[in-house]
Amino acid sequence: MTPDDMKREAARAALAHVESGMRLGLGHGSTAKHFVDLLGEKVRGGLEVVCVPASEFTHDQARDLGIPLTTLDETPELDLAVDGADEIGPALGLIKGGGGALLREKIVASAAASMLVIADESKVVPVLGRFPLPVEVIPFGFGATRAAIERIAAKLGLSGELRLRQQSDGLVFVTDGGHHILDCHFQQIPDPAALAAGLSTIPGVVEHGLFLGLAKGAYVAGSSGVRFIGPA
Ligand SMILES: O=C[C@H](O)[C@H](O)[C@H](O)COP(=O)(O)O
């Protein structure tokens with residue numbers, strides 16, 4: 001099985017939680033894309049759901065598949081959000097935002113009664129932080145915001161490069177919300193809750209990619225099949 005096959009199998013497992021009448025949040029990324037594809041097949045077969053996509057990309061994919069869409073303005077409460085992750089750590093703590101969609105993903109996940117993560121086995125880690133933590137920042141005051149993040153990190157004993165995300169053409173990456181992303185190469189984040197609390201005090205930080213206490217379970221696919229990680 002290729003890593004892409006594994007992602008699809010994890011997505012298929014999560015699909016078993018979807019019932020007619022549900023209001024769903026759809027995440028972003030290569031694993032979430034499989035979920036949306038499979039959901040589209042179910043919708044063509046008669047499943048009735050309404051969905052809030054967490055990115056413009058997912059919106060267009062779902063629309064093209066004929067999946068009924070809504071917004072959090074029309075439908076402020078969702079039953080279930082299904083999304084990928086860049087890392088799955090202890091207690092289902094996550095790093096997300098590798099694809100730049102962390103802000104809308106967190107808004108969508110927070111509006112849902114439950115969030116399920118879908119991933120291949122490579123995403124499961126003993127300590128978060130090997131994947132650079134994406135922090136979404138307002139362009140105004142960028143230098144001051146960056147310095148504030150470094151100070152908060154240093155207080156927690158964290159160091160490493162804070163890299164402004166760029167596209168492959170060298171232009172600065174801009175999120176769907178019009179913000180920039182600083183990828184923080186901390187390597188290890190032993191106390192994610194303390195870092196999340198610190199980052200939330202910085203005015204120029206819109207949101208960060210630490211998803212703590214949001215996921216209720218994860219379907220993780222490896223070469224020997226799919227396993228479920230539940231709450232500790
Ligand atoms: O911003 C992107 C999201 O948080 C993705 O869910 C995350 O990066 C995982 O993406 P993938 O499924 O492509 O590994």
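Just past helix 3, Gly-66 adopts a positive phi of about 80°. Helices here are DSSP runs of H or I with at least four residues, strands are runs of E with at least two, and both are numbered from the N terminus. The model is a predicted one, so local features need pLDDT of at least 70 and side-chain atom pairs count only at pLDDT 80 or more, while totals for chains, interfaces and linings use all residues. Residue numbers start from 1 along each chain as its sequence is written.

Helix 3 itself spans residues 56-64, and its buried residues are Thr-58, His-59 and Ala-62. Buried means that 20 or more other C-beta atoms, placed from the backbone, lie within 10 Å of the residue's own; exposed means 12 or fewer, and partly exposed is in between. Looking down the axis of helix 3, the buried residues fall within an arc of 105°, so they line one face of the helix; the arc is taken over the directions from the helix axis to the C-beta atoms. Over on the other side, Glu-56, Asp-60 and Asp-64 are exposed. The cover over the buried residues includes strand 1 (23-26), helix 2 (30-44) and strand 2 (50-53), with contact meaning C-beta atoms, placed from the backbone, within 7 Å.

As for the overall layout, the chain splits into domain 1 (3-125 + 212-229) and domain 2 (133-208), with bounds from an automatic or database domain assignment. Their C-alpha centres sit 24 Å apart. Domain 1 puts 13 residues into the contact, and domain 2 puts in 13 residues. On the domain 1 side, helix 4 (residues 102-110) gives the most, with 4 residues.

How values were computed. Two residues are in contact if their C-beta atoms, placed from the backbone, lie within 7 Å.
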